[in-house]
Amino acid sequence: MESKSEKDIFLECEKLWVFWALIFVGGFYGAYTYCLRGGVFCNAQTANIVLMSMHIGNGEFGQAAYYLIPFSAYLGGTILSEIWAKEIKRFHFLRWDTLLVGFELITVIMLGLMPASWPDQICQITLNFICAMQFNTFRQAEGIGMATTFCTNHLRQFGSFLVKFLRSNDHSYKRKAKLHFSMMLLFFMGVLAGTILSNIMGLHSIWGAGAVLFVVFIKLLHADRTYEKDKLYITPHGH
């Protein structure tokens, strides 16, 4: 009964299954843009910082300046998600988390319709913007800090909690290590699915991520309008 009551304090948007679904989608995005849209990863900005610095070091300032565009998209997504989350809460109709997944779903559908002749940068920058909003919005899964667009932090946390468990035999550390490992596994599965579908469906393959987002959106929408309707004012943990 204790574990059930502890779980009940978390909103549907904080449940672990949501984070599993979203990090699967994050891995899918990475495979999609790398395979089909310019050979880049859109999930985070570390690689872009490395590339920009390398271009500057080589005296290629024009090419380095290009990376200000994805930086701006990522920064804009973070800022807007922070602003909109506060504004939307005042209407007490849907949670920002739900609206974001719905917006992401519509965006993915449109990207799948984008002609191959259009510049890959449109897709890259759009997903940079989406990933930034997702990363800034979904922060904790059932009280544990999580990232849904990349897995570097999960690798660190898995190693850290594994060592703590082996030293202390504290099963709370074991649980956290298992959860971070599960996030890495779902990211891997998302990349695998994205790669396979990219080879089969081409540019339309991003709709595979859309199918997952559709399930998440419907579930969150149902929660907002039924059993969590009286909790729309509650801010998710980590914000």
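**Close-up views of the core and cavities**

**View A. The largest nonpolar core.** In this predicted model, the largest nonpolar core has 44 residues, and those with the most contacts inside it are Tyr29, Phe138 and Leu213; such a core is a set of buried Ala, Val, Leu, Ile, Met, Phe, Trp, Tyr and Cys residues joined through side-chain atoms within 4.5 Å, where buried means under 20% relative accessible area with a 1.4 Å probe and protein chains only. Helix H2 (16-36), H5, H6, H7, helix H9 (171-201) and helix H10 (207-225) each give at least two residues to this core, with the largest share, 11 residues, coming from H2.

**View B. Surroundings of Tyr29.** Neighbours within four places in sequence aside, Tyr29 is in contact (heavy atoms within 4.5 Å) with residues including Glu104, Val108, Leu127, Ile130 and Leu213.

**View C. The largest cavity.** A cavity is a set of points on a 1 Å grid over the protein atoms alone where a 1.4 Å probe fits but cannot get out, and its lining residues have an atom within 4 Å of a point. The largest cavity has a volume of about 210 Å³, and of its 18 lining residues the closest to its centre are Ala85, Lys89, Trp96, Asp97 and Pro236. The largest share of this lining, 6 residues, comes from H5.

**View D. The second largest cavity.** With a volume of about 40 Å³, the second largest cavity is lined by residues among them Cys13, Phe138, Asp97 and Pro236.

Residues are numbered from 1 along each chain as its sequence is written, and side-chain values use heavy atoms, leaving out hydrogens and water. Local features need pLDDT of at least 70 and side-chain atom pairs count only at pLDDT 80 or more, whereas totals for chains, interfaces and linings use all residues.

Key
1 Å grid on protein atoms, 1.4 Å probe; cavity = no way out; pocket = protein on both sides within 12 Å on 5 of 7 lines; lining within 4 Å. Points joined across faces, edges and corners; volume = space filled by probe spheres on them. Helix = DSSP H or I, 4+ residues; strand = E, 2+ residues; numbered from the N terminus. Buried < 20%, exposed > 50% of the residue type's maximum accessible area, 1.4 Å probe, protein only.
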